[in-house]
Amino acid sequence: AALARHPKFAKKYGKTVKKNKFLKWFFVLLWGKKKIDNAKTWPVGKFPGVSKTDQERVENMTWILQDKTPFIKTEKCDGSSGTYILERKGTKKFEFYVCSRNVRMDSEDQECFYGSHNYYWEIAKKYLIQEKMVQWLKDNPEAKWVCWQGEICAPGIQKNPHHLKETHFYCFHWTDSLNGRLDIREAKEKWKKFDMEVVPIIDENYILPDDFEEFKRSADGVYNSSVCEGDSSCSREGYVYYKTTDPTFSFKNVSREYLAKH
């Protein structure tokens, strides 16, 4: 925890300190008195339109079936949500936020829910997220910040329902200071330019059925193989639906078959 508050030092000397009991004791004595509550450092409210990812279940809003506005139907990947934000701090200075659903990850050495393997920083490095965000902010000089949110899926997360051999990040929310939350279709086109993976968009003009039971059954099935490294036999958790007239309005329909298996 002491090293986590000094990421530059930790990156350069962290392994040496951890192997030496005296050095470890010394730096805990030097920096360990202050305890940071990383859950409180999640930037809630700092970036308008950015919030912790949590979709409402259709069971809690059955009235939505009366809404015949077209929805964008996307597959709901099953992993651990990740939030990445880059904030402009000056002409050439930026602050990079790496967050799980509830905690900000100060450094790659910070332990997370999954132990010492910090998937959130692994994704940041694998996809070069900070570098890509820096490029976007440079290309959009009026923007103050940009946020990407998505699902981290990996062999060691949620018993690996996607049958993956590597760690993947499937994007679903793009929010920035210029445009607010983007329509996921528009966001997908932007992510393509950065070689990012996106949750599968199944239908761009989906009309909700009148019958609730019919709607629930429609969530059953298998994932698009693009989020399963080519495997077409992975049971699907369900769908997330985004209103075509309001990118901020969305909800989920979780498969009963999937819940029975998991």
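The largest nonpolar core has 47 residues, and Tyr84, Phe96, Ile129, Trp148, Phe169, Trp174 and Met196 touch the most other members. A nonpolar core here is a set of buried Ala, Val, Leu, Ile, Met, Phe, Trp, Tyr and Cys residues joined through side-chain atoms within 4.5 Å; buried means under 20% relative accessible area, exposed over 50%, and partly exposed in between (1.4 Å probe, protein chains only). Keep in mind that this is a predicted model: local features need pLDDT of at least 70, side-chain atom pairs count only at pLDDT 80 or more, and totals for chains, interfaces and linings use all residues. Residues are numbered from 1 along each chain as its sequence is written, and side-chain values use heavy atoms, with hydrogens and water left out.

**Cores**

- At least two residues of the 47-residue core come from each of β2 (80-88), β3 (94-99), α3 (119-126), α4 (129-139), β4 (145-153), β5 (168-176), α5 (184-193) and β9. Helices (H or I, at least four residues) and strands (E, at least two) are DSSP runs, numbered from the N terminus.
- Leaving aside residues up to four places away in sequence, Ile129 touches Tyr84, Phe96, Ile123, Ala124, Trp148, Phe169 and Met196.
- Another core, of 12 residues, lies apart from the largest one, and its members include Ile64, Leu65, Ala219 and Phe251.

- Ile129, Lys132, Met133, Val134, Trp136 and Leu137 are the buried residues of α4.
- Those buried residues pack against β2, β3, α3, β4 and β5.
- As background, an α-helix has 3.6 residues a turn, so residues three or four places apart point the same way.
- Pro141 sits in the loop between α4 and β4, and is exposed at a relative accessible area of 60%.
- Pro141 and Thr91 are 50 residues apart along the chain, and their C-alpha atoms are separated by 9.3 Å.

**Aromatic pairs**

- The whole structure holds 18 aromatic pairs. The rings of Phe, Tyr and Trp (its six-membered ring) pair if their centres lie within 6.5 Å; planes under 30 degrees apart count as stacked, over 60 as edge-to-face and the rest as tilted.
- Tyr127 and Phe169 make an edge-to-face pair, at 6.4 Å centre to centre with 65° between the planes. This pair links distant parts of the chain, with Tyr127 in the loop between α3 and α4 and Phe169 in strand β5, 42 residues apart. Tyr127 and Phe169 are both buried.
- Trp136 and Trp174 have ring centres 5.6 Å apart and planes at 75°, so this pair is edge-to-face too. Trp136 belongs to helix α4 and Trp174 to strand β5, so the pair ties together parts that are 38 residues apart in sequence. Trp136 and Trp174 are both buried.
- One aromatic cluster is made of Phe71, Tyr206, Phe215, Tyr239, Tyr241, Phe249 and Phe251.

**Strand β1**

- Strand β1 (residues 71-75) is largely enclosed by the rest of the structure, because five of its five residues are buried.
- Phe71, Lys73 and Glu75 point one way from β1, Ile72 and Thr74 point the other way, and all of them are buried.
- β1 pairs with β8 (residues 201-206) in the antiparallel sense over three bridges, and Thr74 stands opposite Ile201 in β8. Two strands pair if DSSP finds at least two bridges between them.
- β1 also pairs with β9 (residues 238-243), antiparallel over five bridges, and here Phe71 stands opposite Lys243 in β9.

**Cysteines**

- There are zero disulfides in the whole structure; a disulfide is a pair of cysteine sulfur atoms within 2.5 Å.
- For Cys147, the closest cysteine sulfur is that of Cys99, 8.3 Å away and too far for a bond. Cys147 is buried, at a relative accessible area of 0%.
- Cys234 is in no disulfide either, and the nearest cysteine sulfur, that of Cys228, is 3.3 Å away. Cys234 counts as buried at 0% relative accessibility.

**Whole chain**

- The protein chain has seven helices and 10 strands.
- Of its 262 residues, 47% count as buried.
- Take contacts (heavy atoms within 4.5 Å) between residues at least 6 apart in sequence: 66% of them join residues at least 24 apart.
- The accessible surface comes to about 14,100 Å², with 50% belonging to carbon and sulfur atoms. Accessible areas come from the Shrake-Rupley method with a 1.4 Å probe, and for residues only the protein chains shown count as cover.
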